[in-house]
Amino acid sequence: MVGRAQTHRLEKGGLIDRSAPLGFRFDGKTFAGFQGDTLASALIANGVKLVGRSFKYHRPRGILTAGSEEPNALVELRNGARREPNTKATTAELYDGLEAASQNRWPSLRHDMMAVNQLFAPIFVAGFYYKTFMWPAKFWEAIYEPAIRRAAGLGRASGVADPDHYDKAWAHCDVLIAGSGPAGLAAALAAGRSGARVILCEEDFVVGGRPLADGGTIDGMPAAEWISRTLSELAALPDVRIMTRTTLFGVYDGGTHGAIERVNDHLPSPPEHQVRQRLWRIVAKRSIVAAGAIERPIVFAGNDTPGVMMASAVRSYVERYAATPARRIALFTNNEDGWRTVETALGAGLQIAAVVDARPDVSPAHRALAAKAGFPIMNGSVGGVDGGKHGVRKITVSLTGGARAEVEADGLAVSGGWNPAVGLTSYHRGRPKWQNDIAAFVPDSAPPGMVAAGAANGAFSLGACLRQGFAAGAAAAQDTGRSGKAGTAPAADDEAFSLTPLWHVAGKGKAFVDYQHDVTASDIELAQREGFESVEHLKRYTTLGMATDQGKTSNVAGLAIMAAVSGKSIPETGTTIYRPPYVPVAIGAFAGHHRDENFHATRLTPSHHWASEQGAVFVDTGLWKRAQWYPRPGEKDWLESVTREVKAVRGGVGFCDVSTLGKIDVHGPDAGAFLDRVYINTFSNLAVGKARYGLMLREDGIVYDDGTTSRLAEDHYFLTTTTAKAGLVMQHLEFCRQVLFPELDVQLTSVSDQWAQFSIAGPKTRDLLREIVDPAEDLSNEGFPFMGAREVTLRGGIKGRLFRISFSGEMAFEISVPARYGDALARNLMLAGKPLGVTPYGTEALGVMRIEKGHVAGPELNGTTTAADLGLGKMMSTKKDYIGRVMAGREALVAPDRQVVVGIKPVDKTSRLRSGAHIIPKGRTPGPDTDQGYVTSVCFSPVLDQWIGLGLVERGRERIGEIVHTHDPLRGEDYDVELCSPVFYDPDGGRQRG
Amino acid sequence: MRIVCPFCGERELGEFTYLGDAKPVRPAASASEDEVFDYVYLRDNVAGQMSEYWYHGGGCRAWLKVTRNTLTHEISAVEPAAGVGARKVGA
Amino acid sequence: MKYSIFSLARAAFSGHKTWQRTWRDASPKDHYDVVIIGGGGHGLATAWFLASEYGVRNVAVLEKGWIGSGNAGRNTTIIRSNYGLPGNTGFYELSMKLWERMEQDLNYNTMVSQRGVINLYHSDAQRDAYARRGNTMRINGIDAELLDLAAVRKMMPFLNFDNARFPVQGGLLQRRGGTARHDAVVWGYAHAASALGVDIIQNCEVSAFVRDANGKVTGVETTRGRIGAGKVGMAVAGSSSRVAAMAGLRLPIESHVLQAFVSEAIKPLIPNVMTFGAGHFYVSQSDKGGLVFGGDIDGYNSYAQRGNLPVMEDVCEGGMALMPMIGRVRLLRQWGGIMDMSMDGSPIIDRTPVDGLYLNAGWCYGGFKATPGSGLVFAHLLARDEPHEEAARFRLDRFRRGAMIDEKGQGAQPNLH
C-alpha cells in the first residue's frame with residue numbers, strides 16, 4: 001500500500017523503525033506509518049483528528065490518551081470473521097495492511113446522521129429513558145426498544161465463528177510483577193538478584209513505562225540506557241521472565257492471577273498453528289502491582305472536542321512515536337507534571353499557544369521558560385473550546401479574577417493530575433484510601449501477598465518509584481525464602497509534584513465526565529437531585545464508568561463532582577467497587593481450545609472403532625459416544641433398524657457394549673456390611689458367586705442410583721452403577737467409607753475403565769458364549785443359574801467375569817474382559833456368532849427392551865422419586881440402617897397420592913406415544929388440578945406391535961386398567977391410553993431364567 | 001483457589017469437588033426423624049471460619065476437611081476427613 | 001411528579017432543575033406496622049404491594065447500604081415463568097403477569113422486554129424433560145413452544161450447528177420471557193412505594209431483633225437506632241442465614257457466590273435470551289449492547305461477593321461452544337452475588353417459628369424474575385397472616401414434611417441446584 005504523506009511526523013526521534021514503513025487503511029483511506037506505531041500514533045502522524053463517535057450523542061471524538069484507558073478512539077479492527085469491534089486504536093499495534101473502520105456512525109464518520117441525537121440532548125439526559133417510553137405498553141418491544149438497540153451498541157461483531165485459536169497456560173513463580181516502568185523493573189531487579197523466580201507482565205509491546213516518553217536520569221544515565229542495561233541484567237538472571245503484550249487483568253484466590261498475552265495481535269493473522277492470544281493463570285507467592293497511574297482529564301465545556309488530549313499522551317505521541325497531535329498547542333493543567341508537556345512540545349518544534357494553570361502560582365523557572373519561548377501563562381481554567389469534527393480552533397480561558405481570554409490553538413493538552421491504577425489491589429473488594437497531597441485514591445489493602453509500588457501506590461517521582469519498587473521486590477523475594485543479595489536500589493531525583501485539585505470548570509456547554517457514555521457534569525448534578533447520591537447509584541443511573549474504558553478516565557472525576565454537589569468530601573463519597581478484568585479480554589481467550597468438537601472430552605467405548613466400522617450411529621451419553629443403532633442397507637429409518645435389532649435379540653442372540661456402566665471393586669472383610677449401609681437392600685447375605693440388583697438412596701430418602709452388584713469372593717464385591725452416575729457414586733461411596741463409616745475395613749477401587757463389558761442376550765446366548773469362553777466353563781442353567789456371577793476363563797486363556805443378569809428380559813449374560821480385549825471380543829462375538837445370526841444392538845434397542853420389561857432407568861430415576869414410586873418399595877430393608885432410610889419415611893414421601901411408575905398403552909394401537917405428555921383423567925379439562933403425571937419413557941414395542949410407555953401417575957398402581965388421557969399441547973397430540981402393569985413382556989420372567 | 005492436599009500437595013480448585021459443611025455428624029440409627037432432618041437440612045451457613053468437605057477426585061480421592069473463611073476464601077487448614085462425619089463412640 | 005415524555009420536555013426548559021428525588025430520603029420513625037429488612041427488589045416490591053394492594057402504608061424498608069445493592073443489582077436480568085413443578089409454575093406466572101404491567105403500575109420504565117427465552121436441548125432425554133415442562137406450562141395457561149432443529153436454526157442461525165461436541169437439537173421457547181432493567185425495577189418500586197408513604201431508609205443495618213417477654217419480635221435494633229414494628233419481614237436473600245440467626249433460627253439454606261459477566265457493547269447480535277443445554281451458559285444482550293451472561297455458581301459456601309477463574313472459564317467455554325462468533329467480543333466486567341441456595345432449589349415464603357418474624361428467602365439464582373410476584377405474595381402474608389394461594393407450597397416446613405419442590409432433582413445439596 002502507498003500512503004499519503006505523514007504530515008504530522010517529526011523528522012527524527014521516536015521508538016519507531018523508519019526503515020520499516022507500513023501501509024494501513026482507516027475508513028477506506030490509505031495511510032502510512034512505521035513499525036513501532038500504534039494505530040493511534042499512525043493516525044496522528046497522518047493528521048487525522050476525528051476517529052470516532054460517542055455512544056449517545058454521536059459527538060465527534062478524537063484520540064484522548066495513549067493507552068488502555070482510551071474512551072474515544074475505538075475502531076473495528078480487521079475484516080470479515082476477524083473483525084474486532086471496540087478495539088482501542090491506542091493499543092492496537094500497527095502492521096502492514098492493517099484495516100480499521102470507525103464505528104457507531106452512519107453513513108460515515110464525518111457525516112453521521114445519528115448526530116441528530118444532539119438536537120434531543122436537552123431531553124436525553126441521564127436516565128431519561130426511565131421516565132418515558134411507557135405508553136402504550138406494547139410499543140416498548142415493537143418500536144422503542146428496537147430503535148434504542150439499533151442506536152446503542154458500539155462496533156459490530158463479525159457475526160461468524162472466530163477463525164483463530166486461543167490457548168490457556170499455567171505459570172508459577174515467587175514474585176509476579178505487573179508493569180515494567182521504573183518501579184516494576186526495580187522490583188524485578190531486586191527480586192531476581194535475590195534468587196526469586198520472577199515473572200513481569202507488561203501490557204505494552206515495549207518495556208519501560210513512562211520514561212519511554214518522559215525520559216529522566218537513573219543512576220546517572222539517561223533512562224533509556226538504564227532500561228536497556230536493566231533488561232540485559234534481568235535476562236542474565238536465571239529465572240526472570242518478562243512477558244510483553246501481557247496484561248495482568250485479575251487476581252483470584254490462592255495467589256492465582258489472570259493474565260492475557262496478545263501473542264499475535266500485532267500481525268494480520270496468527271501464523272499457522274499459532275494462537276491469537278493466550279490466557280495465563282499465574283500462581284505467585286507474592287505480587288507487586290507497579291502498574292503506574294492514569295492521567296485524569298478536567299471536566300470543562302467542549303472537553304471532548306477532537307484535539308483535546310491528555311498531556312501525558314501528547315508527550316507519548318511526540319517522544320515515543322515522533323507524531324505531533326497539534327502544531328500550536330495549549331496546555332491546561334492543575335499540577336506540575338503537566339508542564340513536562342511544554343518542554344516536550346518545544347523540543348519537537350511545536351508552538352505553545354498558552355499554558356493555563358489552575359494553581360495559584362507557577363514557579364519562576366516556568367515563567368522564565370514562558371518568557372523565552374514566548375507564550376503566555378494564564379492563571380485560571382479553560383471554560384470552553386471552539387471547534388468540532390475538524391478539531392480544536394480556539395480556547396476560552398476564564399482567568400482568575402473573572403476576566404476571559406481567548407487562545408488560538410489546534411490542540412489542547414490537559415492534565416488534571418494522576419490516579420494510581422488501584423484496580424488490581426482492589427479486586428478483592430478492598431477500598432482504596434484518599435491521599436490528599438496528590439488528590440487521588442491509593443491502595444489501602446490488597447489481596448493476600450500483593451503490594452503496590454511506585455505510581456500505582458501514589459509515589460509519583462522517579463526516585464520514589466525506583467525505591468519503592470526495589471524495596472517491594474527485595475521484600476517479596478525474602479518472603480518467599482530467597483535470600484540472595486539484592487544489592488543497591490537504582491537512584492533518581494525526586495522531582496516535586498504539586499497539584500491544586502480541579503475537577504470541573506463550571507460553565508455553559510456540555511462538559512464530559514465519561515466521554516464514551518456521554519455522561520456530563522450536569523448529568524451528575526441531576527442524579528444527585530433525584531437521589532442517586534450513592535456512587536453505585538450514580539454509576540448505574542448515569543452509566544458513568546461502565547464503558548469499555550471501565551471508568552479509568554472518568555470515575556474519580558465523577559465522584560468528585562458528586563461530592564461537590566452533595567456537600568460531602570471525596571473520601572466520604574467513596575468509590576464504586578473495582579471489578580476485573582483490568583482491561584476487556586476476548587471471550588475466546590477464556591474458552592481456549594474448549595470449543596467446537598473439543599468443547600468437552602470424548603470418551604470412546606472399547607468397541608467403538610469396531611462399531612464405527614459396522615456403520616453404527618452414535619449417541620452422546622455424558623462424555624461417551626455409544627452405538628445407538630446399527631443401520632443396515634435398505635432400512636428407511638432408525639425405527640426399522642431398532643425394531644430389527646430387538647427382534648433379533650428376542651428371537652436369536654445379540655450383543656451390546658455396556659462398558660460405560662460404572663464399575664467398582666469393593667474389597668475387605670467389611671465389604672458386605674458396607675454395602676448394607678449404602679443400599680436399601682441387603683448384600684452381606686449374598687452368596688459368593690451370585691449377583692443382586694441394588695438400589696441406593698440419597699440421605700434425603702430419594703433414589704440415587706441402581707445397578708447389580710455381585711459377590712465374587714467372601715471379601716470381594718463387584719458393584720456397578722449407571723453410566724450417568726459412575727463418578728458420582730464412587731465419590732458418594734468414598735464419602736460413606738472415609739467420612740461416615742471409618743470403622744469398616746473396606747476398600748473401593750474404581751475399575752470402570754479397566755473392564756470392557758458386553759451384554760449378550762437372546763435365547764441363543766449360550767450357543768454364542770460357548771464359542772467364547774473356555775469349554776470347561778459350565779454354562780448350563782444348573783452350572784450357571786440366573787443371577788450367577790463368577791470369574792471365567794475365555795478361550796485363549798484370558799480371564800474375564802461373567803454375570804447372568806438380564807436387562808432385556810431374555811436369557812442373557814454380561815461378560816467383562818480387560819478393556820484392551822474389548823475390541824477383540826466384539827470382533828470374536830461377530831465371528832463366532834455368524835452362524836447364529838448374531839446381531840449387534842445399540843442403546844435404542846436396549847431401551848426398547850428395558851421398557852418392555854418395565855425396568856426403570858434415567859427418566860424414572862429423576863431425583864424426585866422414592867423406591868416405592870418406582871415399585872421397589874419392598875426392597876427397603878427394615879432390619880438395618882442405610883443411607884436415606886429415615887428421611888424416606890417423611891409424610892409427603894409416603895403419601896398415598898404420589899405419582900408412581902405404571903405402564904401406558906394407547907387404546908388406539910396406531911397412536912404414537914411421546915415422552916413428556918401429561919396424564920389427565922378421561923373426560924376432564926386439562927389444568928393444574930387435573931394434571932396427574934406424565935409419560936417418562938416410550939418406545940415402539942416390536943413384541944406388542946405398538947407404542948408403549950412408562951409413566952409416573954398419581955396413584956397409578958391402584959388404577960391399572962383405567963383409561964386416561966395423554967395430553968401433549970406442545971405437539972398437539974392427545975390420546976386415550978390404558979394404565980397397565982409396567983411389565984409388558986414375559987411378566988413371570990421365565991425367559992431370563994430359562 | 002488452591003488447596004494443599006495432605007496427600008498430594010498444593011493443587012488447583014478444579015481437582016476438587018465441594019460437598020458442604022463438615023460440622024453435622026450423622027445421627028445414630030436410633031435417631032428420630034427430627035434429628036435426621038436437622039442433619040440433612042439445617043445449616044449454620046457461617047460467615048467466617050467454616051470447616052467443610054472437599055473431595056480430591058482429580059487426585060488421591062481423599063475426602064478432606066478444609067477450614068476456610070467464607071468471607072475471604074482464605075484456607076487455614078486442610079486435614080483428611082476420615083471419620084469426621086461419624087458418630088463418636090458414646091455420643 | 002408523573003414521569004412522561006411531556007414532563008421530560010417541560011423539565012428540559014428548566015435544564016432539568018425541577019426534578020424531585022426519585023424516592024424520599026426518609027429518617028426512621030419510632031414505630032411501623034411493618035418493617036421490611038432488605039431494600040432490594042423483593043423488599044421494595046413487598047412494601048409497594050403492602051401499600052397499594054393491602055392498604056398497609058405505615059411501612060419502612062431498611063437497607064444496610066444503598067437500595068438495590070444486593071442481588072437486585074447483580075443479576076443477568078432474565079424474566080421467565082418456564083417452571084415445571086406445582087408451586088413454582090403458578091407463582092412464576094403470577095410474577096410474569098405482574099412484569100407485564102409493571103411500567104404502568106409504577107410509572108417507571110423498567111424496560112420489560114419480552115424477547116423470548118429459549119432453553120436449547122441437545123439430546124432426546126433433554127427434549128423429553130423440556131416437553132414435560134413445556135406441557136406443564138401450557139396446562140397452567142403459560143405460553144410454551146417446543147422447537148425442532150429447523151426452527152432453532154431459523155431463529156438463531158449463528159449458533160454452532162455443524163461441528164459442535166453436543167449439537168443443538170431444538171429448544172423450549174417461552175416468547176413472553178425476556179429481560180428487564182434490574183436497577184430500574186428497584187428504583188421504580190422505591191419511587192412508587194415512597195409516593196404511597198413507605199419510608200425507605202438507607203444506610204440502616206439491622207443488628208438485632210427486639211423481642212417481648214413471649215419471644216415475639218416487636219422491632220429491630222439498627223445502626224440508626226431502635227425501630228418498633230408490628231411485624232418484621234426479612235427479604236435479605238444472600239444474608240438470610242445471618243439475619244435469621246439473630247432470631248435463633250437455622251435455615252435450610254447455604255450462601256453461594258454466582259458470577260455474572262458483561263461484554264463490551266456491540267450492535268444487536270443476539271435477539272433473545274438463550275440457555276445452552278450442554279454446558280453452563282446463558283446469555284442475552286442488553287439494550288445498551290453488552291452481552292450479559294452467566295453460568296453455574298462457583299460451588300462453595302461464600303459471602304465474598306466475588307468469584308474465581310475456573311467458573312469464568314467454564315462459562316466462556318460454554319459460550320464459545322454454543323456460538324463461536326463471540327470469540328473476539330471482549331468480556332468487560334465480572335461480578336459476584338451471594339445466593340440463598342435452598343435445599344430444594346425453590347424459595348421459602350412463610351411465617352417463622354418466631355412470632356412476628358416473616359421470611360422471604362431461598363431464591364437461589366432465580367430471585368430477579370420473582371421480584372414482583374415475591375412482593376405480592378409476601379405482602380399478602382404480612383397483611384393477612386396466611387400464605388397467598390400461589391405461594392402456598394413455599395412453606396418452611398416442607399423439608400420436614402418431605403414436600404420438596406426440586407426442579408433439578410438434586411436433593412439436599414444446595415450447590416447442585
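This is a predicted model: local features need pLDDT of at least 70, side-chain atom pairs count only at pLDDT 80 or more; totals for chains, interfaces and linings use all residues.
1. Strand E1 (residues 17-26) of chain A pairs with E2(A) over seven bridges, in the antiparallel sense. Which residue of E2(A) is the bridge partner of Leu22(A)? That partner is Gly33(A).

2. Next, step back to the domains. Chain A is assigned six entries, domain 1 to domain 6. Among them, domain 2 is written in two stretches, 166-293 + 421-479, while domain 3 covers 298-415. The centres of domain 2 and domain 3 of chain A, taken over C-alpha atoms, are 32 Å apart.

3. Where chains A and C meet, the contact takes 95 residues from chain A and 91 residues from chain C. Several elements of chain C each supply at least two residues to the side touching chain A, including helix H1 (5-13), helix H5 (124-139) and strand E16 (330-342). The largest share, nine residues, comes from H5(C). How do the residues of this side of chain C divide into nonpolar, polar and charged? There are 38 nonpolar, 30 polar and 23 charged residues.

4. Finally, do find the strand pairing between the two chains. Strand E30 (residues 585-586) of chain A is joined to E16(C) by two bridges, and the two run antiparallel. Here Val585(A) stands opposite Leu331(C).

Note on methods: Residues are numbered from 1 along each chain as its sequence is written. Chains are lettered from A and ligands numbered from 1 in the order in which they are written. Two residues are in contact if their C-beta atoms, placed from the backbone, lie within 7 Å. Helices (H or I, at least four residues) and strands (E, at least two) are DSSP runs, numbered from the N terminus. Ala, Val, Leu, Ile, Met, Phe, Trp, Tyr, Cys and Pro count as nonpolar, Asp, Glu, Lys and Arg as charged, and the others, Gly among them, as polar. Two strands pair if DSSP finds at least two bridges between them. Domain bounds come from an automatic or database domain assignment.
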